Amino acid sequence: MFSSNVRAWRDAGAFFDFQGHQCFYRQAGQGPDLLLLHGFPTCSYDFAKIAPGLEADWRTLCVDFLGYGFSDKPRRHKYLVGEHADQIEMLLDKRGISKYHLLAHDYGDTVAQELLARELERGSTRIRSVILLNGGLFPEVHQPRMIQRLLLGPAGPLIARLLNARRFERSFSEIFGASTQPSRTDLEEHWSLIEYKGGPAIYHLLIRYLNERRRHRQRWVGALQEFKRPMRFINGGADPVSGAHMARRYGELIANPDIVLLPELGHYPQWEDAQAVLDAIHAFYRSQGD
């Protein structure tokens, strides 16, 4: 079912119990702790191409949110951003991590925003820095795909049942850069992780975070604006969902914005050009003296 690359990713990880469900995580490398949060509808494997370049300097912690990847995917469950933040905080405590740096992508950006909001409420200094990749940071300029809008509607359960590899491959490829399209192997690997444990059947439940983004905009955008420690936005500018238009909005709303625009890349810059993203990550941390 899985390629050798995906099996190797799984075999390097482990599972922990979260509310009676088994959830996957992978910890590797040496150095300061770096938490990696993935997007929808994929999983921690999104970071597989940059992980080797990070693990020489960082102890990375990747997690599959409940409902994603190798983690359990309960069919009757109310998936919430706050619950996924709870999942992350539980794992951090289990692994004895008191301070960490944060790297997030897509839906992971939203979970990161919730973690930042909690950080501010608690007056904590647990999160030392943040790097965000393409994601819907500001719902007013986020441009969800048609399939996402359909999944949110009353026909969502039916649409979820109709999802298959061919439809996934088409919609996934549309959000990549023109010259950085996913290979056949890429598509098969990501679909195998989505399909595992019946993932497509809960798409309409997972996608409800889009409504949460609008409902909690003040809290989550405010968290970005109030966070005073180092923060960088690395953006694939050719992304039709959250590309250059999202970077522009970031520049409008965030004081002294640190933006790295990669204009030819799409929604998955860490997959499309791993070296460019690694260069931007390492340059950021060098500038902080970490």
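**Salt bridges in a predicted model**

Tutor: In this predicted model, glutamate 114 and arginine 219 form a salt bridge, with their closest N and O atoms 2.9 Å apart.

Student: Why is the contact between glutamate 114 and arginine 219 called a salt bridge?

Tutor: The cut-off is a Lys or Arg side-chain nitrogen within 4 Å of an Asp or Glu carboxyl oxygen. Here the closest N and O atoms are 2.9 Å apart, so the pair of an arginine and a glutamate qualifies.

Student: What makes this pair a tie between parts apart in sequence?

Tutor: Glutamate 114 sits in helix α4 (residues 107-122) and arginine 219 in helix α11 (residues 217-226), so the bridge ties together parts 105 residues apart in sequence.

Student: How do you know whether glutamate 114 is buried or exposed?

Tutor: Its relative accessible area is 7%, and buried means under 20%, so glutamate 114 is buried.

Student: And why is arginine 219 called partly exposed?

Tutor: Arginine 219 comes out at 29%. Partly exposed runs between under 20% for buried and over 50% for exposed, so that value falls in the middle class.

Student: What about arginine 249 and glutamate 252, where do they lie?

Tutor: Both are in helix α12 (residues 244-253), 3 residues apart, about one turn of the helix.

Terms used:
Residues are numbered from 1 along each chain as its sequence is written. This is a predicted model: local features need pLDDT of at least 70, side-chain atom pairs count only at pLDDT 80 or more; totals for chains, interfaces and linings use all residues. Side-chain values use heavy atoms; hydrogens and water are left out. Helices (H or I, at least four residues) and strands (E, at least two) are DSSP runs, numbered from the N terminus. Buried means under 20% relative accessible area, exposed over 50%, partly exposed in between (1.4 Å probe, protein chains only).
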